[in-house]
Every structure is written in structure tokens, then in C-alpha cells.
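Have the sequence and the 3D view ready, and follow along.

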Amino acid sequence: MQFKRWNDICLCAERDLFPADAVSVEQPFAPLVFLVHRDGKTCRGLYAVSSLQEVGEEESLRCLLPVADSDEDTELSRFVAKNGATVLNTAFQNGFSVLQQYLTPKRGGYRVTLVGLGDVGGTVLTGLKLLGHEIDEIAIFDPNTALCDRYEMELNQVLQAEDGKPLPRVTVCREESLFDCDLFIFTATRGVPPLGTQVRDVRMAQFDANRAMLEAYALKARQAQFKGLFCQVSDPVDHLARAVFLRSNCDDSGAFDGCGLLPEQVQGFGLGVMAARAAYYAGKEGVDFSQGRAYGPHGQGLVVANCPDDGYDDALSCRLTELTGTANLRVRDLGFKPYIAPGLSSAAVSILRLLRGEDHYGAVPLNGVYFGCTSRMTWQGIKLYRESICNELLKRLEETHHQLRAFDYT
Ligand SMILES: NC(=O)c1ccc[n+]([C@@H]2O[C@H](COP(=O)([O-])OP(=O)(O)OC[C@H]3O[C@@H](n4cnc5c(N)ncnc54)[C@H](O)[C@@H]3O)[C@@H](O)[C@H]2O)c1
């Protein structure tokens, strides 16, 4: 292993993946970043590790399990165990500038762009306005300019609570400033199937039209060399997150060139409401859900578990999965489009938890798909929540991961 100093960061690699102006040093120092070169299309780009074993670990669902014990006891392994480190895949042109952005995180004062002010977008905006004390400004955008003006007026007329905590200011975003932000939240759709229509899956039915609409935004993110986080909320969340990542990294001929967003710069937000719905139905059935988990996509392939390891009950977990996966239909049956719990749980609360560095539900890159699970955004990169998962549950997760991977994006 070689160590080099670059902009007060210690880069470490087995071969010459260093920037030209990096200077050799003898010893590792913090912040430590391992440089690797892996296939950009299917491998992670920038993530946090707590042990040296994780640096070379094969990318799979096993990354959600505790790290296997190792006999390795070297100065470097002890350094990583003590200080943590980052892994950066040099397959991406903007990797080093995004790395610098991560390692010098903001603490509050965020600028957020919110695109799409329909039912979900309006609810997300309301949630962020009331709860997002660390956000300075929410810049809103929708082709319906009356909607923008309406929300600019109404949400700047919200009274501050007695606790005196600051509320973000809401502004109307100009199209050329869309990516002048830390977080870009996308809730727009070309059309949710209306109530009463017979479609097998209201989420997948939107894929083609929403992907086509998102292409323009993915391209803008690429052109702006966006360094923040693209939060994908509209459906189908997990597939569109991958479509944004792929499109931002393709040249005009459609070839993947790694000149767009790193995989971790896109995150899907749809699992939060699934976890909340699962807890709701567990409560209705008098089932303990204090150890409950949700994994996988916001839709077909969702996996709910009453508990990840000892105490996992497959029949109960499959029943909760079914109730959760069809919960939206029960609201639709009442004659309403469900958007309040989704806007608040999947997006507003989950995104704020991410900003606060807390565990949250989101779809993060894992072995060529965006996989819904618990993770944390740290200054060293995304950290997956690792814990024991019993084989029966792991098998369900593998099936769902396999289905996501088999999806055809061409
Ligand atoms: N992630 C979740 O948990 C979750 C849950 C429920 C629904 N959703 C999804 O959220 C999305 C939004 O649903 P909704 O009920 O708010 O829809 P909606 O029809 O009420 O609103 C869509 C908005 O998108 C805007 N829009 C259309 N084209 C646009 C473009 N090119 N650029 C910017 N904005 C554009 C429209 O003007 C409209 O304001 C849907 O895909 C829905 O399925 C997600």
C-alpha cells in the first residue's frame, strides 16, 4: 500500500490511482481514503468503512451483515478500526471533487431544490417547512407557475412555533439554478394513474413516461457537475433512481462514460412509508414491531420482517409484507390518492434524518441496483446498517435483489 497526501487528505492505494499532484507520505493520517478502480456501472462509488476487511469486501447483500472476523492485526487495520475511512472508486470523473465535498460537510444552512409541486411535492414541502430547521432555503420548481406562486405565498406565511426554531424560506427556482443546491428532491410525475383505473401496479405504470421526463434533469445534473444529492421520490422510485444515475453517466451516443453522478449521489426515497405502514398494520394486529424492518423497493418486491434475526417469523412477515404492499390500494378504495404518509414518511422525515446523519430508510447503490435498506450519511460516505439477518430472511432479500437486477433499462 502507498500513502499520499492530497489536499490534506490521506489517499491510500495499491497501484497508481493517485491525482498527479499527490505527494508521498510514510504513515496514514485521517481522513484516510482508499482508492480502488472498479466497474462504474455496477459498483459503488464512495462509501464509509469501519474496518479494513470492508475495503476489499465483495459487493453483495452480505454488506448488510456484520463484518466477518479477521485475524489481520496491522498498523493499517488498527488505524481504520479507530478512525474509519472512505473508499473511493476512481471510475468517476468527478470522484475527487465529490470526495472533497463529503469530507468537509456543511452543518446546517442547506439549500434544497424541490421539483414537482403536486400532491406529494406539496406535502414534502409542508413537512420540510415545519421540520427542516437546518434548511435555509427551499427553492421550488414546477412547470405550473401558479402552483409555484401559490406555495411561495402560503408557505412563507407559516407562523414560527413558540420554540423559536427557524423555518426555511421558500423561493421560486429559476430553471438555470435547479442544481445550485445541496439536495435536489424530485417528486414530479407525468401522471399517476387516476383513481378507478385498472392497472396492475400504479408505480410501474409510470416508468417510461417518468424516465423520459427525468432524463432532462439527469442531463442538467451532469452538465452542472452537481456535487450534492439527487433524492428520487416519484415512482417507480428504485428503478428511476438507477435510471437517473445511468443517464447522468452517458455521453450523447448513450455510452457509459462515468462523467456524471456517483452512484451515492442518487438515493431513492420510498421505503420510509413502507416501514411506517408495516408498523401501522402490525399495531392493528397487536404484533410487536419494535424490531421490525423493511427492505427493497417501494412496490413489487418489498420485504417486511417482524425482526431481522432470532425471532424472525416468516408467515407473519409475509402477511405484513402483503398488507404493507397493498396499503396504498386501501386508501384508493376510499376514493383518495394516498400522498400524505408518503410525502412525510418516505421523503420529508427520511431526508431530514439523512441530513442529520441518522439511520434512515432509503434506496442506496448495492451491486448494480438501488436497494432499500437502513443506512446513514456520514462525512466519510454512506454507511450501511449492518446486523445479523437470519438465512430465511436473507433468501427473501436475495430474491428481491435478483429481480431488481434483472430489470431491463434499455
Ligand atoms: N416515494 C413515495 O413514497 C411515493 C408515494 C406515493 C406516491 N409517490 C409518487 O410521487 C409522484 C408524484 O405524485 P403526485 O400525487 O404528487 O402527482 P401529481 O400528479 O399530483 O403531481 C405531479 C406534479 O409534477 C409536475 N410535473 C409534470 N411534469 C413536470 C416536469 N417535466 N418537471 C417538473 N414538474 C413536472 C406537475 O405539474 C404536477 O405538479 C408519483 O410518481 C407518485 O406515484 C411516491
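Predicted model: local features only at pLDDT ≥ 70, side-chain atom pairs only at ≥ 80, totals over all residues.

The crossing of H7 and H10 is right-handed. H7 covers residues 271-284 and H10 covers residues 340-355. Their axes come within 7 Å and cross at roughly 120 degrees, which means H7 is oblique to H10. Why quote both an angle and a distance? Two packed helices are described by the angle between their axes and the distance between the axes.

So who does the touching? On the H7 side, look for Leu271, Gly272, Val273 and Ala276. On the H10 side, you'll find Ala341, Pro342, Ser345, Ser346, Val349 and Ser350. Sort the contact residues by class and you get 6 nonpolar, 4 polar and no charged ones.

## A strand with two partners

S1 and S2 make a hairpin with 2 residues between them. Take a look at Asn7 in that turn: its phi is positive, about 50 degrees.

The other neighbour to look at is strand S4 (residues 32-36), which runs parallel to S2, with 3 bridges joining the two. Cys12 is a handy landmark here. Opposite Cys12 stands Phe3, and in S4 its bridge partner is Phe34.

Pro31 sits in the loop between strand S3 (23-25) and S4.

There's also a cis peptide bond from Asp235 to Pro236, with omega near -10 degrees. Pro236 is in the loop between strand S11 (229-232) and helix H6 (237-248).

## Positive phi in two loops

Gln225 isn't a glycine, yet its phi is positive, near 45 degrees. You'll spot Gln225 in the loop between helix H5 (207-223) and S11. Gln225 counts as partly exposed because it has 14 C-beta neighbours inside 10 Å.

Asn367 is another non-glycine residue with a positive phi, about 55 degrees. Asn367 lies in the loop between strand S15 (360-366) and strand S16 (369-378). Is Asn367 buried, exposed or partly exposed? With 17 other C-beta atoms within 10 Å, Asn367 is partly exposed, since a buried residue would need 20 or more.

Methods
Residues numbered from 1 in each chain as written. Axes fitted to C-alpha atoms, helices over the stretch in contact; angles between N-to-C directions. Helix = DSSP H or I, 4+ residues; strand = E, 2+ residues; numbered from the N terminus. Parallel < 35°, antiparallel > 145°, perpendicular 65-115°, else oblique. Left-handed = near helix turned anticlockwise from the far one by under 90°. Contact = placed C-beta atoms within 7 Å. Nonpolar A, V, L, I, M, F, W, Y, C, P; charged D, E, K, R; others polar. Pairing = 2+ DSSP bridges. Buried ≥ 20, exposed ≤ 12 C-beta atoms within 10 Å, placed from the backbone.
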